[in-house]
Protein chains: 2
Amino acid sequence: MKEFELINRYFKGRGITRRDVNLGIGDDCALVTVPQNCQLAVTTDTLVAGVHFFDDISPRALGHRALAVNLSDLAAMGAEPTWVSVGLTLPSIDQKWIEEFTEGMHEIAEYFNVQIIGGDTTQGPLTITICAKGTVPEGTALRRSGAKVGDWIYVTGPLGDAGLAIESRKQGISIEPEHLKYLNKRFDFPTPRVAAGQVLRGLASSAIDVSDGLLADLSHILDMSQVNASVNIQSIPTSDAMRSSLEFKHQLPFILNYGDDYELLFTVPDSNKSMLEMKLRQYGVDATCIGQIKSGDGQIELLHNGEKFDFEQQGFEHFAKEPV
Amino acid sequence: MKEFELINRYFKGRGITRRDVNLGIGDDCALVTVPQNCQLAVTTDTLVAGVHFFDDISPRALGHRALAVNLSDLAAMGAEPTWVSVGLTLPSIDQKWIEEFTEGMHEIAEYFNVQIIGGDTTQGPLTITICAKGTVPEGTALRRSGAKVGDWIYVTGPLGDAGLAIESRKQGISIEPEHLKYLNKRFDFPTPRVAAGQVLRGLASSAIDVSDGLLADLSHILDMSQVNASVNIQSIPTSDAMRSSLEFKHQLPFILNYGDDYELLFTVPDSNKSMLEMKLRQYGVDATCIGQIKSGDGQIELLHNGEKFDFEQQGFEHFAKEPV
């Protein structure tokens, strides 16, 4: 199969068609129209076989995941995802594999009303680089740098599930089948918190998605905002699967250090807290207050029963950590 | 070296700063502003070690080339390049290599006033996927689909040089040192025809860049426009290096089938021909008329001394051809 056939069969004419796409797949460039008074938000994420996913990951999950991690970055800016470009490097043409991979990608793209407007398909070691674009009304994007002393710290959902899914495979942690199914779904089919991100516009003072781990990602907000944080570790939401599978002290590395959950972590000024909670309920978005911003230069204080709690901070570093 | 340090040292704060970049490297997304009444043009190209370049390519050339091939797609749409996202997968941290690679990339980015607004740096087999963005006034983009019967076919510069550079290494073709130096520069440091593309707005009826080979890329125009073409092979511009190194008949595979030259191939209605040639002279852009569009359904007729000339058409196909 030649490159043109591959693109025609699995990408062109598949998926949704947005009215703001003036020219899609098939020319030197795609052409799109950004609405007036909106900024364009752009993010890029690469997934490499053996580094970001197991070789035995289902192609459908991989197609989903490759797009989800990019949409999560758009969510963290409060942007509406619109268009993506897909750089796909494949070791060989396995039509069944490509069919399932693109199916997984088209499914999540359609769910979030995102159009695949172009890309490049090449031969080589399995690597996926997606560049996702979105739009956000001028001046409403959520940055990492806006957290202020006194702001409340929130997270949208349970943390640590994806990490527990990974480590249960590597370390053979014993987990009940129904919980394991849930955890694997959390790792394989992460849900970018796109609606949550848009609800936060104009209310949150900063936001980031939890891809590297709670402490690592919170540190990014603190470093950019030049503040400290105090976090009540008992307030951090966890899943039934997590609580049933591990004792509290063994949960902590997953909750605090592991990433890949793609929940949103954000801060809200006290004056916006009740409005935010009302809007979250209105849009059916879960979020839990886990702490507060303090003055300082980027440190995190962990509290347990109101007492200081010592815990070594780590995060997911490419070039530093063992591949998953 | 951790990922954040790498990005900070080699990307953040390096290169030019455009006023339309509202937020550059360092948050979940970059934020940019597309001018009113302009469309956004988007393209993605991946380069894989061992497939798109020799393993011994100089890192500076690779950095240049990775960006150049993307800017060439923007040029072929008549777009003004503005912002790029860089997905860089590296087998290891070799600081000297990265320094030279990013130097090559920043050089060409600065030359074309392009800002690197983000990306992702991961560990794995050497692969570079760039997503380049540009802007083009509404309705003026050059598509592949606009060629009409009677339009003249032009190409911006000599063809076959990059191919001759590659094959001289592989096949040991004997080439004089000064010519070899020129040919290697054509392959290693291709010049995207950005100015030419912008001159063509409103004058050319279709355009494409020659990345897969003259016949293959012309076929894309013909297929999309539903027309035929007649090409005088003696009119196709070639370099001194090409003419001095090979007999005419041995030049043909390079001129007609080899890609990687990144010249622009375009068509112009007869009514715009004199205006176009005037503007090309005014902006110092070389372009040569090599044939004319005929009625038909996508065939190319080659002429030599006014006689039909048979030549088998091939093009650069990932998944079909030996890696370079």
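Which side chains meet in a salt bridge at 3.9 Å, N to O? The side chains of Glu80(B) and Arg18(B) do, and the views below begin with them.

This is a predicted model, in which local features need pLDDT of at least 70 and side-chain atom pairs count only at pLDDT 80 or more, while totals for chains, interfaces and linings use all residues. Residues are numbered from 1 along each chain as its sequence is written, chains are lettered from A and ligands numbered from 1 in the order in which they are written, and side-chain values use heavy atoms, leaving out hydrogens and water.

**View 1. Glu80(B) pairs with Arg18(B).** A salt bridge here is a side-chain nitrogen of Lys or Arg within 4 Å of a carboxyl oxygen of Asp or Glu. The pair links distant parts of chain B, 62 residues apart: Glu80(B) is in strand β4 (residues 80-90), and Arg18(B) is in the loop between α1 (3-10) and β1. Helices (H or I, at least four residues) and strands (E, at least two) are DSSP runs, numbered from the N terminus. Glu80(B) is partly exposed at 31% relative accessibility, whereas Arg18(B) is buried at 10%. Buried means under 20% relative accessible area, exposed over 50%, and partly exposed in between (1.4 Å probe, protein chains only).

**View 2. Asp20(A) forms a salt bridge with Arg18(A).** Look for their closest N and O atoms, 2.7 Å apart. Asp20(A) counts as buried at 16% relative accessibility, and Arg18(A) is buried too, at 10%. Side chains of opposite charge can pair when their charged atoms come close.

**View 3. Arg144(A) meets Asp28(B) in a salt bridge.** The N to O distance is 3.1 Å. This pair crosses between chains, from the loop between β6 (127-137) and β7 (152-155) of chain A to the loop between β1 (21-23) and β2 (30-32) of chain B.

**View 4. A network of salt bridges links five residues of chain A: Asp161(A), Arg186(A), Arg193(A), Asp261(A) and Glu263(A).** Over all chains, the count comes to 33 salt bridges.

**View 5. Helix α3 of chain B covers residues 95-111.** Among the buried residues of α3(B) are Trp97(B), Phe101(B) and Ile108(B). The buried residues of this helix pack against α1, α2 (59-76), β4, β5 (115-123) and β6 (127-137) of chain B, where contact means heavy atoms within 4.5 Å. Just after α3(B), Asn113(B) takes a positive phi of about 60°.

Notes. Expected span 1.5 Å × (residues − 1).
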